[in-house]
Amino acid sequence: MSKPLTFTSKIFSVERLEFGKESEQVVKGGRNLFPLLPKAFAGIKQIGVIGWGSQGPAQAQNLRESLAGTDIKVKVGLRPGSASAKQAEQAGFSQANGTLGDQFDVVKESDLVLLLISDAAQAELFGKVFELMRPGTTLGLSHGFLLGHLKNVGAKFPANINVVGVCPKGMGPSVRRLYVQGKEVNGAGINASFAVEQDIDGRATDIALGWSVALGSPYTFQTTLESEYKSDIYGERGILLGAVHGVIESLYRRFVSQGMSREDAFLNSSESITGPISKTISKQGILAVYEGLDAAGKQTFEQAYAATYPAAREVMEEIYDEVSSGNEIRGVVLAGERLKQRPMGKIDGTETWKVGAEVRKKRNEAKIPVHPFTAGVYIATMMAQVDVLYAHEHPGSEIANESVIECTDSLNPYMHARGVSYMIDNCSTTARLGARRWAPRFDYNITQQGYVDLDEKKPLDAKLVPAFKTHAVHTVLAACARLRPTVDIFVE
């Protein structure tokens, strides 16, 4: 059980989310709260959004629209000659209207600096950013990566600024897409966590909460920057990207080897996961997938689950150790120079994803099955991730978001629309590096251990399935579901 975090707000109503023996404080969002934003941002005349990667476009546009009619300017800062300048201009940010400028100029003149450049760029440029920030201003991060890097190199944030984090539980396009949908359905958006690393004037919490509300977060829960970067980087390498990639590759090959056509193998592996399995988890919870199976399906699920869980847990524990030790962050920083010489390749050239592209062209949603073996393997891997986070005392809501909700409500819908390979090939450099490193480990371990144990009829741990059925995460997800927007993300 995690240690409870507490906070108070002078601006926003704080509610308590109960799930079983645990509870957490949350702030419920909605467009009805936008009139409170000037109070939350009191003294802030300019918010500088530095970078135009995954989060930059979404956050800059959401903030600008949420703050319309106030005297708070949202200005985008880019490096000289940035190829993203044209995209920012197309979104309405320009030098002519004073909302687009050089990244370091924007840092120096802003009262709230949202540093949304890539992780590698943060590692390279943090010293100059710190030098340019004026005393009393606030540094905002949407990922705790920089804190992890500072720990690795023995550096610290300047003592004379606030440092806060607001971390949407979804990629930037999801943050924007659901915010736009929220114009029709109040409260539609992507959940976010917030953290206060430094509070020099008592304003940091409300600044962070205001930032989250302005992004359109349906609810905002508390974490720490250290907990966030550990769970986030771990989750990317796990079920969010790396594990789902490895699981699908292993299932596809297994089904083909058992006599399925290539098209049916993809349909019963990838399509089943990103389609009906994800949709059921999103709306009804993980347990509903199992409960929706017939007797034979439940038996197949249980065998797949019990065979897969130990193999997946082994990899999940290894990933967490690598993240918490700082090794994964070091690896991202070290890759920076290599990638300048030799950019990362793509994963979409293998048979699995080529077949998948053809299957999606002919897709009939009504005919995508919930394959019980696939469900058992995927959910066992998801639960292994959940259990490692519980073992390291992460907050329940963070565990649910990083291991389940972000999958089913943000990433998997994009994977379903455009392909798992597309998703991995178009995410952040940090996430791509992690997915490419760890997907083969999941594939190997599950194939070499889980499937072998099952096929050779070795004894499986009889306690694993009952533990799954009574797991505390089901209560957490049910509580989070009560705060879920009524709309699903729409992906063109």
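Biologist: Does C167 count as buried or exposed?

Modeller: Keep in mind that this is a predicted model, where local features need pLDDT of at least 70, side-chain atom pairs count only at pLDDT 80 or more, and totals for chains, interfaces and linings use all residues. Residues are numbered from 1 along each chain as its sequence is written, and side-chain values use heavy atoms, with hydrogens and water left out. Buried means under 20% relative accessible area, exposed over 50% and partly exposed in between, with a 1.4 Å probe and protein chains only. C167 has 2% relative accessibility, so it counts as buried.

Biologist: OK, and how many disulfides does the count come to?

Modeller: We call a disulfide a pair of cysteine sulfur atoms within 2.5 Å. Take C427: its nearest cysteine sulfur belongs to C407 and is 13 Å away, and C427 is in no disulfide. By this rule the count is 0.

Biologist: Which residues have the most contacts inside the largest nonpolar core?

Modeller: A nonpolar core here is a set of buried Ala, Val, Leu, Ile, Met, Phe, Trp, Tyr and Cys residues joined through side-chain atoms within 4.5 Å. The largest one has 114 residues. Its residues with the most contacts are L241, I286, Y305, Y378 and I379.

Biologist: How are α11 and α15 oriented to each other, roughly perpendicular or roughly parallel?

Modeller: Helix α11 covers residues 262–284 and helix α15 residues 351–361, and they pack at about 90 degrees with axes 9 Å apart. Angles under 35 degrees count as roughly parallel, over 145 as roughly antiparallel, 65 to 115 as roughly perpendicular and the rest as oblique. So α11 and α15 are roughly perpendicular.

Terms used. Axes fitted to C-alpha atoms, helices over the stretch in contact; angles between N-to-C directions. Helix = DSSP H or I, 4+ residues; strand = E, 2+ residues; numbered from the N terminus.
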